[in-house]
Amino acid sequence: MKDAPGEEALDGLKVDQKGNLYVSGPGGLWVLSPEGKHLGTIQAPELPANFAWGDDDARTLYMTARTGLYRIRLNVPGIRP
């Protein structure tokens, strides 16, 4: 991540039910496989700093940023404590 372009906001860290890791990083919310492969980046209007799984099925990811709250529906549910 350190060589990726964009502002860093290394803060949030979550895991979904397939073991994929979600971490805020340069350019957005990075999704990494259990093996550490970068699967993609979720981009929001602002750089997300922290996030949480929401809704009854844990398939909505709510992301906080400096001035906004954003959400995205995902296919894989997250793991909640």
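Guide: Start at W53. Its bridge partner in β6 is L61. Keep in mind that this is a predicted model.

Now look at the two strands themselves. β5 and strand β6, residues 60–64, are joined by five bridges. They run antiparallel. Strands of a sheet pair through backbone hydrogen bonds, and the pairing can be parallel or antiparallel.

Step back to the sheet. It is open and has three strands, in the order β5-β6-β7, with antiparallel pairing. Its edges are β5, residues 50–54, and β7, residues 69–73. Each of these edge strands pairs on one side only. From one strand to the next, the twist averages 25 degrees.

Follow the chain out of β5. The loop between β5 and β6 holds D55. A58 is found in that loop between β5 and β6 too. Check their backbone angles. D55 has a positive phi, near 70 degrees, and is not a glycine. A58 is not a glycine either, yet its phi is positive, at about 60 degrees. Now check the surface. Is A58 buried or exposed? A58 has a relative accessible area of 5%, so it counts as buried. D55 has 38%, so it counts as partly exposed. The cut-offs explain the labels: buried means under 20%, exposed means over 50%, and partly exposed lies in between.

Go the other way along the chain. Between β4, residues 38–42, and β5 there is a loop, and Q43 sits in it. Its relative accessibility is 65%, so Q43 counts as exposed. From Q43 to P26 there are 17 residues in sequence. In space, their C-alpha atoms are 10.0 Å apart.

Back to W53, and to its ring. Which residue forms an aromatic pair with W53? The structure holds one aromatic pair. Y22 and W53 form it, in an edge-to-face arrangement. The ring centres are 5.0 Å apart, and the planes make an angle of 85 degrees. The pair links distant parts of the chain, with Y22 in strand β2 and W53 in strand β5, 31 residues apart. How covered are these two residues? Y22 is buried because its relative accessible area is 5%. W53 is buried as well, because its relative accessibility is 8%.

β2 has antiparallel partners. Strand β1, residues 13–15, is joined to β2 by three bridges. Strand β3, residues 28–32, pairs with β2 over five bridges.

V23 ties this region together. V23 is the bridge partner of L13. V23 also stands opposite W30 in β3.

Now the turns. β1 and β2 form a hairpin, with five residues between the strands. In that turn, G19 has a positive phi of about 90 degrees. β2 and β3 form a hairpin with two residues between them. There, G27 has a positive phi of about 85 degrees.

K14 lies over the face of F51, at 5.8 Å from the ring centre.

Notes: Residues are numbered from 1 along each chain as its sequence is written. This is a predicted model: local features need pLDDT of at least 70, side-chain atom pairs count only at pLDDT 80 or more; totals for chains, interfaces and linings use all residues. Side-chain values use heavy atoms; hydrogens and water are left out. Two strands pair if DSSP finds at least two bridges between them. Helices (H or I, at least four residues) and strands (E, at least two) are DSSP runs, numbered from the N terminus. Axes are lines fitted to C-alpha atoms, for helices over the stretch in contact, and angles run from 0 to 180 degrees between N-to-C directions. Buried means under 20% relative accessible area, exposed over 50%, partly exposed in between (1.4 Å probe, protein chains only). Rings of Phe, Tyr and Trp (its six-membered ring) pair if their centres lie within 6.5 Å; planes under 30 degrees apart count as stacked, over 60 as edge-to-face and the rest as tilted. A charge sits over a ring if NZ of Lys or CZ of Arg is within 6 Å of the ring centre and within 35 degrees of the ring normal.
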